[in-house]
Amino acid sequence: FRIMAGKVKWVTDIEKSVLINNFEKRGWIQVAENEDWNFYWMSVQTIRNVFSVETGYRLSDDQIVNHFPNHYELTRKDLMVKNIKRYRKELEKEGSPLAEKDENGKYIYLDFVPVTFMLPADYNLFVEEFRKNPSSTWIMKPCGKAQGKGIFLINKLSQIKKWSRDSKTSSFVCQSSKEAYVISLYINNPLLIGGKKFDLRLYVLVSTYRPLRCYMYKLGFCRFCTVKYTPSTSELDNMFVHLTNVAIQKHGDDYNHIHGGKWTVSNLRLYLESTRGKEVTNKLFDEIHWIIVQSLKAVAPVMNNDKHCFECYGYDIIIDDKLKPWLIEVNASPSLTSSTANDRILKYNLINDTLNIAVPNGEIPDCKWNKSPPKEVLGNYEVLYDEEMAQSDGPDRDLRSRSGQSTGVKGNRARDSGKPVLTTWK
């Protein structure tokens, strides 16, 4: 397999060697070079350098890159929550029915991220919330790390003593060496299969933010913990019970190297259809798709929609035992490492299909094209949301879709075939 089914041109020799080393050491991707092509597969750090004011680098029309300049507005845990909160407030000011609340003041449609605070900035607000329900469990995550690093659970204020109060000022302080954290209400009633907790890793490709056009990859997977779940407070420190990250679970004694503790999304669908029913299962996945679209809409106004950019995000979703999906985080660089044979096939196809949409037919890239690839190149992607098409269906389309009302041909499932039709939002 060669990127672009053709050749690659590099920004620098260093960039070339880094990419070749990173991909070839996985043992399943070969990278070739040729002056005819201008496709760059860059790390998030390289993207920062390319778009930095200091470098003064400018991309030409035949150069495209695989990240938006400020993708971190969605992929940093604290900024994602901040932008979703801002999005809710804006919809409230506009009087949008999407921002409707129940009698307890909770959002009816936009309640899809756990209650979250930033530390140290929101410490006092967190304490106030914690004292409303002292028996609750919270999960702390560093804002800028991945793969489960630095994560821990708490159920007592004393457990965050390292973030302790200053005894003189009674104000929350943080050592300068400590990085910012988010603290979120822990979903302590996750849907269990075989007694084990799991989450969903779904891939979403965004080709443009204005107008928003995104695609859902059909071949996502579930990541299971290796140890059976228990809400017992004595197991709060056991990450093999609580964190689904493969980087954590692969070190467990019960980790299976053949299947990697993973299920395909299609297997999850079959399981849920057989245990909960097809209608309930379809509703769950429609809600997941709706959540993803709303998260993208939340960051679209602040995203630097550079015409040279596209991005494939890794969405992490947890389903609770009431079949309510929760958005946990979004990854800018979802792992392309293959831990199993099925993993290798999935990620090979993911890269191939992503590149076929970014540069249809393997032609020379052109950042000025309209970003609407023909259906035959979508591969395992399907259109999740097309803002231009959605606007033609009326401003209340999102609400009708969310509340399960009929939205016309493009919003309904093909009942006869049992397969979803191409839609503009889900």
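Buried means under 20% relative accessible area, exposed over 50%, and partly exposed in between, with a 1.4 Å probe and protein chains only. By that rule, 51% of the 426 residues of the protein chain count as buried. This is a predicted model: local features need pLDDT of at least 70, side-chain atom pairs count only at pLDDT 80 or more, and totals for chains, interfaces and linings use all residues. Residues are numbered from 1 along each chain as its sequence is written, and side-chain values use heavy atoms, with hydrogens and water left out.

## Overall make-up

The protein chain has 12 helices and 14 strands. Helices (H or I, at least four residues) and strands (E, at least two) are DSSP runs, numbered from the N terminus. Contact means heavy atoms within 4.5 Å. Among contacts in the protein chain with a separation of 6 or more, 69% come from residues 24 or more positions apart.

Two strands pair if DSSP finds at least two bridges between them. An open sheet is formed by 4 strands in the order 3-6-4-5, with antiparallel pairing. Strand 3 and strand 5 (152-154) stand at the edges. Each has a single partner strand, so one side of each is left without a neighbour in the sheet. From one strand to the next, the twist averages 25 degrees.

Strand 6 (residues 181-185) is mostly covered, with 4 of its 5 residues buried. Strand 3 (residues 116-119) pairs with strand 6 in the antiparallel sense over 4 bridges. Here F117 stands opposite I183 of strand 6. Strand 4 (residues 138-142) also pairs with strand 6 in the antiparallel sense, over 5 bridges. In that pairing, W138 has L185 as its bridge partner in strand 6, and I139 has S184. In a regular strand the side chains alternate between the two faces of the sheet.

Axes are lines fitted to C-alpha atoms, for helices over the stretch in contact, and angles run from 0 to 180 degrees between N-to-C directions. Helix 4 lies across strand 3, strand 4 and strand 6, and runs at about 130 degrees to strand 3. Helix 5 lies across strand 3, strand 4, strand 5 and strand 6, and its angle to strand 3 is about 140 degrees.

D111 is found in the loop between helix 4 (77-94) and strand 3. Its relative accessible area is 16%, so D111 is buried. Leaving aside neighbours within four places in sequence, D111 is in contact with R88, K106, K324 and W326.

T137 sits in the loop between helix 5 (123-132) and strand 4. T137 counts as buried because its relative accessibility is 9%. Leaving aside neighbours within four places in sequence, T137 is in contact with L153, I154, N155, S184, L185, Y186 and L236. Two of these, S184 and L185, are also the bridge partners of I139 and W138.

A disulfide is a pair of cysteine sulfur atoms within 2.5 Å. The whole structure has 0 disulfides. C143 is buried at 3% relative accessible area. C222 is buried too, at 0%.

## Helix packing around helix 9

Helix 9 (residues 278-299) packs with helix 4 and with helix 8 (residues 265-275). The table sets out both pairs.

| Pair | Angle | Axis separation |
|---|---|---|
| Helix 4 and helix 9 | about 90 degrees | 8 Å |
| Helix 8 and helix 9 | about 140 degrees | 8 Å |

Angles under 35 degrees count as roughly parallel, over 145 as roughly antiparallel, 65 to 115 as roughly perpendicular, and the rest as oblique. For classes, Ala, Val, Leu, Ile, Met, Phe, Trp, Tyr, Cys and Pro count as nonpolar, Asp, Glu, Lys and Arg as charged, and the others, Gly among them, as polar.

Take helix 4 and helix 9, at about 90 degrees. Helix 4 is therefore roughly perpendicular to helix 9. Helix 4 brings N83, I84, R86 and Y87 to the contact, and helix 9 brings Q294, K297, A298 and V299. By class, this contact has 4 nonpolar, 2 polar and 2 charged residues.

Now helix 8 and helix 9, at about 140 degrees. That angle makes helix 8 oblique to helix 9. V265, L268, R269, L272 and E273 of helix 8 meet K278, T281, N282, L284 and F285 of helix 9. The contact has 5 nonpolar, 2 polar and 3 charged residues.
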